[in-house]
Amino acid sequence: MSSLSVRTRAVTAAVAIGAILGAGALVSPSALLATVESVSTDPILFGLVVTGLYLGRPLLALPTTPLAVVVGYGYGVAVGVPVALVGVVVTVVPVFLAVRWVAAGPPDDEAGVRSASVSESAPGPFDSILERAGAAVGRYYETAGPIRGVVASRLAPIPSDVATCAAAVSGVRLRHLVIGTAIGELPWTIAAVVVGASAATIRTGGVGDLGAALTLACLVAAIALLAAPAYRLVRDRGEQSRTTGRPADR
C-alpha cells in the first residue's frame, strides 16, 4: 500500500472519529431513551426505532448495554434477549470493517490472526505508541486465539468499540468476531434485558445495582478463559529459555 493511500485512510478515519464524537456529544442518551419509551406501546414503531438505534449506534457513540435495557423494556426477556444479542452483533460489524479498512491488511496465518502493526497507518509522533499497542494486541490474539480472544475481550468490562477495534487491527476474521461477540456479550445482554423487562421506566444506568456483581463475574470468567493459553505461553518461554540457555525474547 502506498504512503499516500495510508495517509489518506488515516486522515479519513480521524475525520470520521471526530464527527462521531461530535454527534455523540450533541445527542442526549436520556432524550433518546425517553423517545423510545414513548413509543413502546406500539410494537411496530418500537421495533423500527430500536432497529434505527442499533444501526446508528456507532455514529452516535452509544454504549450497547442501555440499548439492551430498552429492548428488554419493550419486548420482555424471552424475545428481548435474542433481539438484543443480534443487535449487538450487527452493530459491531460496521466498526470492525471500518477499522479493518484503515488498518488494511489480510490475516497472515491459518488461524486468522495477523501480528498487528498499525504505525504505518498513522505516520508522525504517534508511530512508536501505536506500534507498541498494536504489537501487544497482536500478541494477545496470537496467544489466546481469535475466538477465545474476542470472547474474553467482550466479557471484560471494557467499551465494546475498543474491543472491536483491537480485533480489527489484529486481523481477526469477521466470522470469529461474530461468534466471539455473541458468546462474550451474552451475560451482559441477559442482565440488561432482565433489568429492562422488570423496570417501570427505561433507565440510562444500564444494569443498575447488578452492575458490580456482573462486572466481577464476567472479569473472573475472562481471566479463567485466558488462564490456559497464558500458562502455555509461560511454559513455552521457559522451555525455550532452558533450551537456548538464555532468556526468551520478549
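F46 is buried, its relative accessible area being 1% (buried means under 20% relative accessible area, exposed over 50%, and partly exposed in between, with a 1.4 Å probe and protein chains only). The structure is a predicted model, in which local features need pLDDT of at least 70 and side-chain atom pairs count only at pLDDT 80 or more, while totals for chains, interfaces and linings use all residues. Residues are numbered from 1 along each chain as its sequence is written, and side-chain values use heavy atoms, with hydrogens and water left out.

Two aromatic pairs are found in a search of the whole structure. Rings of Phe, Tyr and Trp (its six-membered ring) pair if their centres lie within 6.5 Å; planes under 30 degrees apart count as stacked, over 60 as edge-to-face and the rest as tilted. F46 and Y75 form an edge-to-face pair, with 5.2 Å from centre to centre and 75° between the planes. This pair links distant parts of the chain, since F46 belongs to helix α3 and Y75 to helix α4, 29 residues apart (helices, H or I of at least four residues, and strands, E of at least two, are DSSP runs numbered from the N terminus). Y75 counts as partly exposed, at 29% relative accessibility. The other pair is formed by Y140 and Y141, which is edge-to-face because the ring centres lie 4.9 Å apart and the planes stand at 80°. Y140 is partly exposed at 26% relative accessibility, whereas Y141 is buried at 2%.

A nonpolar core is a set of buried Ala, Val, Leu, Ile, Met, Phe, Trp, Tyr and Cys residues joined through side-chain atoms within 4.5 Å. The largest such core has 17 residues, of which F46, V50, Y54, A68 and A84 touch the most other members. Helices α3 (43-60), α4 and α8 (174-198) each supply at least two residues of this core, and α4 gives the most, with eight residues. Neighbours within four places in sequence aside, A84 is in contact (heavy atoms within 4.5 Å) with Y54, A68, V71, T189 and V193. Another core, of twelve residues, lies apart from the largest one and includes F96, A103, Y141 and L177.

Helix α4 (residues 64-103) also contains T91, which counts as buried at 1% relative accessibility. Beyond residues up to four places away in sequence, T91 touches Y54, R57, P58 and T64. The side chains of T91 and R57 are joined by a polar contact of 3.1 Å. A polar contact is a pair of N or O atoms within 3.5 Å; within protein, one must be able to donate a hydrogen and the other to accept it, and residues adjacent in sequence count only if both atoms are side-chain atoms.
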